[in-house]
Amino acid sequence: MPELPEVETTCRGIAPFVVGKTVRKVTVRRHDLRLPIPRNFPQLLTGKRCLGLERRAKYLLLRFAHGHVLGHLGMSGSLRVVSEQEPWRKHEHFALGLAHKRELRYHDPRRFGLWIWTTEPPEHHTLLRKLGPEPLQDHFTAEAFYQGTRKRTRSLKEHLMDPHVVVGVGNIYAAESLFLAGLRPGRRASALTRHGSQVLVQQVKEVLAAAIQQGGTTLRDFAGADGTPGYFAQHLWVYDRAGKPCRRCGTAIRQKVLGQRSSYYCPSCQK
DNA sequence: ATCGCCTCCTGCGCGC
DNA sequence: TGCGCGCAGGAGGCGA
């Protein structure tokens, strides 16, 4: 299940097979994702050349001359490039036929993902309009993050995971960056200090950059476009380690639910 | 505006 | 082995 590094890994992995390539064929087996795949997807895309592929937050944008495909992998979505001969797996919902008898296949057991068409500039689309800054860009600053936490009563972790505050920080990387910043996930956001924000923002950037470099995190079923897993999981400090000894001090890692999501922290290393 | 809870869906691992 | 349960990497939508 993808967070920003997994989406970025996917984006980079499929780009060579997609960008500049003409869509030969569109096959949709199931339309009923979080939002329905448009019925006219095949007519819209067949014979059209993909002019660009980019990631915004955890969304993927395929640019065509007449509009954009806007995709999101949800909790369990993944894309891979396969030979068109390859038998369809369970939960593969659509395929874009590409050059050299290859196909881009979308797999999503839980169907929380979405693939839609938009003719507006994608940044104006309802789903993208209100998103916060990209964490790896310079305008995601400690000062801006600090200001956003003022008077916020929810937990620091929920705040960090809010895509309107900053995009791409999901449950794993929120836990990891809070650990590395030495901050407890359950503290009120408003209790963050300027210095705390400085450290946290720096750690968010470092953790995400490192995860991208490692090809993302594979917990259960994430794999890059060629099916290879990511290697970040072996570096996790706290995520999914409840009861296990802290890798830094040996204290048992604690688990606590915040905003309906499991949160993990070291009660000794994080204040 | 903000918060906190609910929801969508399927699969997996656990305890009995 | 089989069942029921809780939980899973996201995020929009709701009522308060």
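## Contacts with DNA strand B

In this predicted model, a polar side-chain atom of Arg-110 lies 2.9 Å from a base oxygen of DNA strand B, a polar contact being a pair of N or O atoms within 3.5 Å.

The residues around DNA strand B are Lys-90, His-91, Pro-109, Arg-110, Arg-111, Phe-112, Arg-152, Thr-153, Arg-154 and Gln-260, where a residue is near the strand if one of its heavy atoms lies within 4 Å of it. Of the atoms of DNA strand B that come within 4 Å of the protein, 68% belong to sugar and phosphate. The surface near DNA strand B comprises 5 charged, 3 polar and 2 nonpolar residues; here Asp, Glu, Lys and Arg count as charged, Ala, Val, Leu, Ile, Met, Phe, Trp, Tyr, Cys and Pro as nonpolar, and the others, Gly among them, as polar.

## The four-stranded sheet

An open sheet is formed by 4 strands in the order β2-β3-β4-β8, with antiparallel pairing; strands are DSSP runs of E with at least two residues, helices are runs of H or I with at least four, and two strands pair if DSSP finds at least two bridges between them. At the edges stand β2 (52–56) and β8 (114–118), each of which pairs on one side only. Between β4 (residues 67–72) and β8 there are 5 bridges in the antiparallel sense, and Gly-71 has Trp-115 in β8 as its bridge partner.

Helix α1 (residues 4–18) lies across β2 and β3 (59–64) and runs at about 180° to β2, with contact meaning heavy atoms within 4.5 Å and angles, from 0 to 180 degrees, taken between the N-to-C directions of axes fitted to C-alpha atoms.

## The β9–β10 hairpin

Strands β9 (residues 254–258) and β10 (residues 261–265) run antiparallel and are joined by 5 bridges, with Gln-255 opposite Tyr-264 in β10. The two strands form a hairpin with 2 residues between them, and Gly-259 in the turn has a positive phi of about 55°.

## Basis of the model

Residues are numbered from 1 along each chain as its sequence is written, and chains are lettered from A and ligands numbered from 1 in the order in which they are written. Local features need pLDDT of at least 70 and side-chain atom pairs count only at pLDDT 80 or more, while totals for chains, interfaces and linings use all residues; side-chain values use heavy atoms, with hydrogens and water left out.

Key: Polar contact = N/O pair within 3.5 Å; in protein donor to acceptor, adjacent residues only side chain to side chain.
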